[in-house]
Every structure is written in structure tokens, then in C-alpha cells.
Amino acid sequence: MTDAQPGLLSAADVRSLVSRQKSALLAEDARKRKAAEEELKHQKEMFLHRTVTPDFVARLIARIENAAANGEMQLLLGRFPSAWCSDGGRAINAREADWPATLQGFARDFYEFWERELKPRGFQMEVTIVDFPSGMPGDIGATLSWTEGDAA
């Protein structure tokens, strides 16, 4: 029998290498998940405390004018997790008449701005659940339109 070849690994060495690699990948996944959770928490805090400002209105007008210049009749205002509604988006999904009462933070402030300023000027707004991950309400999307018809 010959002496062991230098540099050859044992099966145990390879298993240990695989185990360390898997541990490193799991740790990186956990770090990314935690960072994503922290970012979502930060976004929610910003959403809950944000208000409609003159600067926001100016940017909105510019977006509306740009959409109209491109022949569009509507504008996606934005989207946010249904979990940020007081009922998790249930009233919006069920199209209940009192769904605006479930809005919080910026969504509520914008809805009140729309009702006070934009609705009397003929703008309509539609608020719907735009996706259903795992069969549950996901994000809520709000669309502003300027087609002829009843304001919603």
C-alpha cells in the first residue's frame, strides 16, 4: 500500500465543507430576511406618518399631466400591503361601502384629499386588492382616472 496522496480530502472533510457552506447560506438568508423585515417596518412607519403635502400635490399634478400627454386616462397612484389597513384589506376586497374607514396613515390622508379636492373636479379613484399571494389579500392598489362617469 502506498502513502496517502498529499492534498486528498477525506469524505468527512468534504461533508464538513458542505455543512459549513450550507450554514453560511442559511445565515446569509436569515440576514437578508431580517433586513427585508426591518425595511418593511421602516416603510410602514413612513406610510403611517406621511401626509399629503404641497410638494406631493405638485408631483401628482406632474404625473397626471405626463400621463395625459401620453394619451392615458388613468394613473396608478401606488400600492401598499393590505395588512396596513385596519382589517387587513377585507372591506376593500368585499367592496363594502365603508371601506375607506379601514385606511390608515397616508392612504387615509390621500383618500380624504381625493374626496375634498379631486373628486369634485371629476377625478375617480379605484382601490382594489391587486394580488393574492397564497390565496390571501396582498397589496392594495389605488388608481386615479379622469374618464367621464361616476366618481367612486
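Let me start with V14, which lies in helix 1, residues 11–49; helices here are DSSP runs of H or I with at least four residues, strands are runs of E with at least two, and both are numbered from the N terminus. Please keep in mind that this is a predicted model, in which local features need pLDDT of at least 70 and side-chain atom pairs count only at pLDDT 80 or more, while totals for chains, interfaces and linings use all residues. Residues are numbered from 1 along each chain as its sequence is written, and side-chain values use heavy atoms, with hydrogens and water left out.

V14 counts as partly exposed because its relative accessibility is 39%, the class between buried, under 20%, and exposed, over 50%, with a 1.4 Å probe and protein chains only.

Turning to the sheet, three strands form an open arrangement in the order 1-3-2 with antiparallel pairing, where two strands pair if DSSP finds at least two bridges between them. The edge strands, each pairing on one side only, are strand 1 (74–81) and strand 2 (124–129). Strand 2 is joined by six bridges to strand 3, residues 139–145, and the two run antiparallel; within this pair, Q124 stands opposite S145 of strand 3.

Helix 4, residues 105–118, packs on the sheet and touches strand 1, strand 2 and strand 3, its direction making about 155° with that of strand 2. Contact here means heavy atoms within 4.5 Å, and axes are lines fitted to C-alpha atoms, for helices over the stretch in contact, with angles from 0 to 180 degrees between N-to-C directions.
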